[in-house]
Amino acid sequence: MVKTVHPEAEYAAYLAEGRFMVQRSASTGAYVFFPRIAQPGTGLADLEWVEASGEGTVYSFTVIRNKPPTPDYVIALIDLAEGVRMMSRLVDCDPATIAIGMAVKARVGEVDGAPAVLFAPVEGGAA
Amino acid sequence: MSGFPRGRTAIVGTAVLGIDSRPGFSAMELLAKASLAAIADAGLTPADIDGVFSTLSEDPFSAMSVPEYLGIRPKMVETTRTGGSAFQIQAMWAALALDAGLCDAVLICYGSNQRSGAGGLVRSGGTPFPYEAPYKPRNPTTAYALAAQRHMHQYGTTREQLAEVAVAARKWANLNPDAFMKGDLSIDDVLGARMVSDPLTVRDCCLVTDGAAAVVMTRADRARDLPQKPAYLLGAANATWHRNISALADLTVTAATEAAPRAYAQAGVAPADIDVVELYDAFTINTILFLEDLGFCPKGEGGRFVADGAIAPGGRLPVNTNGGGLSCAHPGMYGLFTMVEAVTQLRGLAGGRQVSGAKLALSHGNGGVLSSQAVTIFGTDEVL
């Protein structure tokens with residue numbers, strides 16, 4: 001396991017390589033997101049990078065409405081299988097079909113040219 | 001055991017101004033006009049002020065620039081930067097400082113020209129959060145929309161119930177000569193307005209106005225010799241759980257659940273005792289969440305609580321009697337306006353919107369994205 005040294009820079013560097021990483025405490029096994037120098041609450045500084053499973057469910061979402069031709073887009077809070085939550089965008093789906101509790105899967109894509117973790121509904125993953 | 005100096009300090013002067021758009025004034029100029037008006041309302045002069053507790057959205061160093069502008073040399077300055085809850089937190093510090101004798105007269109003040117000056121919302125959120133900003137949430141609206149969606153999912157809250165909040169606010173605003181937005185507003189008007197961020201339409205969102213507000217606080221013994229009827233500070237407490245919405249565990253429960261019981265305990269009152277409730281309603285979901293979190297109804301019942309005009313004029317509980325951030329004013333950080341309205345009601349000077357016999361008023365502040373929650377409870381001398 002790779003110990004975390006510079007959380008923000010290392011998260012971004014992994015992302016630029018197309019990898020979605022989260023932190024895990026070596027002693028407790030608890031996952032941490034967003035990346036930090038130590039576990040929130042306990043201050044345990046034994047965090048290591050692990051590959052995220054990419055599996056999650058929609059905790060909440062909102063469609064951000066824009067004036068055409070700017071497209072609308074969906075901001076969501078995703079509960080990861082690892083037990084942590086993150087903000088992301090829901091892509092590759094009709095916003096009208098999104099529901100809280102829906103199963104989603106991560107992939108590393110781009111938002112406005114910058115690498116970002118995106119989520120799309122899992123086939124047959126209706127809430 | 002709380003050491004809060006219940007009833008030993010009071011607000012003795014208030015002012016709000018610039019609720020309409022005031023082109024040509026800087027935020028500092030609006031702040032100064034409100035401050036001088038509040039000091040005069042208190043029967044004092046700038047030379048009497050020895051504590052300056054200031055907030056300007058775009059000036060992190062207002063603790064120095066405001067005293068300079070007003071020509072005051074304070075013994076104490078304070079600049080809490082928790083967004084819209086800053087003023088309730090400052091009232092708490094002011095009470096402690098006054099009671100300890102560190103200073104004798106505190107000015108709490110805020111001003112913004114965001115509507116006329118900046119041409120839109122002033123973003124004062126600091127460094128972009130690297131784990132949200134890349135997705136381009138349109139905060140604060142996005143965060144509150146996420147909370148509203150979750151509340152609807154968990155408790156069956158409806159868009160019509162959210163709209164009830166906006167309609168009630170408008171009905172109060174129609175009774176307030178100083179309110180920015182007036183006229184008829186129906187539930188259908190709210191539902192049919194332009195969708196901004198599902199489930200919130202533009203009428204579920206607060207105004208963007210100019211505005212300034214100020215209050216003056218002294219110890220209670222001095223307050224009795226001043227011209228206005230004092231509004232005694234009975235309790236003040238706050239709690240902070242997060243900064244970014246992705247870090248709030250349950251989007252339907254805020255830190256107000258923790259702050260409110262402390263404030264009630266200090267004041268020695270219960271929610272049922274409160275005569276008038278001034279909440280930070282930046283979005284319609286706020287009023288529903290905070291009525292629950294401040295103990296006016298059980299968790300999840302906020303939508304049903306506000307239905308059928310229950311918080312409108314003539315309803316079961318007077319809430320946001322100035323018209324709130326939704327219809328009265330929302331100049332970036334609205335929290336000080338809830339305090340001025342609470343005091344106005346306790347003084348009995350609210351005109352057509354006066355809540356008859358109001359003795360206990362709650363003024364709440366919300367900062368960030370449901371992040372910082374602050375509660376102050378004020379009372380007349382009858383409840384000391």
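Reader: Helices are DSSP runs of H or I with at least four residues, and strands are runs of E with at least two, numbered from the N terminus. With that in mind, what pattern does chain A follow along the sequence?

Author: This is a predicted model. Read along the sequence, its chain A follows the pattern β-α-β-β-β-β-β-β-β-β. That gives one helix and nine strands.

Reader: How far does chain A span along its principal axes?

Author: The C-alpha trace of chain A spans about 45 × 30 × 25 Å along those axes. Chain A has 127 residues, and buried residues make up 32% of them. Among contacts in chain A between residues at least 6 apart in sequence, 51% join residues at least 24 apart.

Reader: Into which domains is chain A divided?

Author: Domain 1 of chain A covers 2–51, and domain 2 of chain A covers 55–121. Their C-alpha centres lie 22 Å apart. Nine residues of domain 1 of chain A are in contact with eight residues of domain 2 of chain A. On the domain 1 side, α1 (7–16) and β3 (31–32) of chain A are the elements that give two or more residues. That side divides into seven nonpolar residues, one polar and one charged.

Reader: What does UniProt place at residues 49–107 of chain A?

Author: According to an unreviewed UniProt entry, those residues carry the feature "domain: ChsH2 C-terminal OB-fold". In the model, residues 49–107 of chain A are 0% helix and 54% strand, with the end C-alpha atoms 17 Å apart.

Reader: Now the sheet, please. In what order do the four strands of the open sheet in chain A stand?

Author: The order is β1-β4-β2-β3 of chain A, with antiparallel pairing. β1 (2–3) and β3 of chain A stand at the edges with a single partner strand each, so one side of each has no neighbour in the sheet.

Reader: How many bridges join β1(A) to β4 of chain A?

Author: Two bridges join β1(A) to β4 (residues 47–51) of chain A, and the two strands run antiparallel. Within this pair, A:V2 stands opposite A:W49 of β4(A).

Reader: And β2(A), which strands is it joined to?

Author: Five bridges join β2(A) to β4(A), and two bridges join β2(A) to β3(A). The strands run antiparallel in the pair with β4(A) and also in the pair with β3(A).

Reader: Is β2(A) largely enclosed or left open?

Author: Four of the five residues of β2 (residues 21–25) of chain A are buried, so this strand is largely enclosed by the rest of the structure. The cut-off behind that is 20 or more other C-beta atoms within 10 Å of a residue's own.

Reader: Which residue in the hairpin of β2(A) and β3(A) takes a positive phi?

Author: A:G29 does, with a phi near 80 degrees; the hairpin has five residues between the strands.

Reader: Changing topic: how many residues does each chain bring to the contact between chain A and chain B?

Author: Chain A gives 19 residues and chain B gives 20 residues. On the chain A side, β5 (55–64), β6 (73–80), β7 (85–90) and β9 (114–121) each supply at least two residues. The residues of chain A on that side divide into 12 nonpolar, three polar and four charged.

Reader: What covers the buried residues of α4(B)?

Author: The cover includes β5 and β6 of chain A, together with α5 (159–173), β5 (195–197), β6 (200–201) and α9 (284–293) of chain B. Since 12 of the 15 residues of α4(B) are buried, this helix is largely enclosed by the rest of the structure. Among the buried ones are B:Y144, B:L146, B:R150 and B:M152.

Reader: How far does helix α4 of chain B reach?

Author: α4 (residues 141–155) of chain B reaches 21 Å from its first C-alpha to its last, close to the 21 Å expected at 1.5 Å a residue. Just after α4(B), B:G156 takes a positive phi of about 75 degrees.

Reader: Last one: into which domains is chain B divided?

Author: Domain 1 of chain B is 9–119 + 210–232, and domain 2 of chain B is 139–178 + 235–383. Their contact takes 30 residues from domain 1 of chain B and 33 residues from domain 2 of chain B. β1 (9–17), α3 (86–99), β4 (105–112), β7 (211–219) and β8 (231–240) of chain B each supply at least two residues of the domain 1 side. Of these, α3(B) gives the most, with seven residues. The domain 1 side divides into 16 nonpolar residues, 12 polar and two charged.

Key: Residues numbered from 1 in each chain as written. Chains lettered and ligands numbered in written order. Predicted model: local features only at pLDDT ≥ 70, side-chain atom pairs only at ≥ 80, totals over all residues. Contact = placed C-beta atoms within 7 Å. Nonpolar A, V, L, I, M, F, W, Y, C, P; charged D, E, K, R; others polar. UniProt positions renumbered as here; feature names shortened; annotations may be inferred. Domains from an automatic or database assignment. Pairing = 2+ DSSP bridges. Expected span 1.5 Å × (residues − 1).
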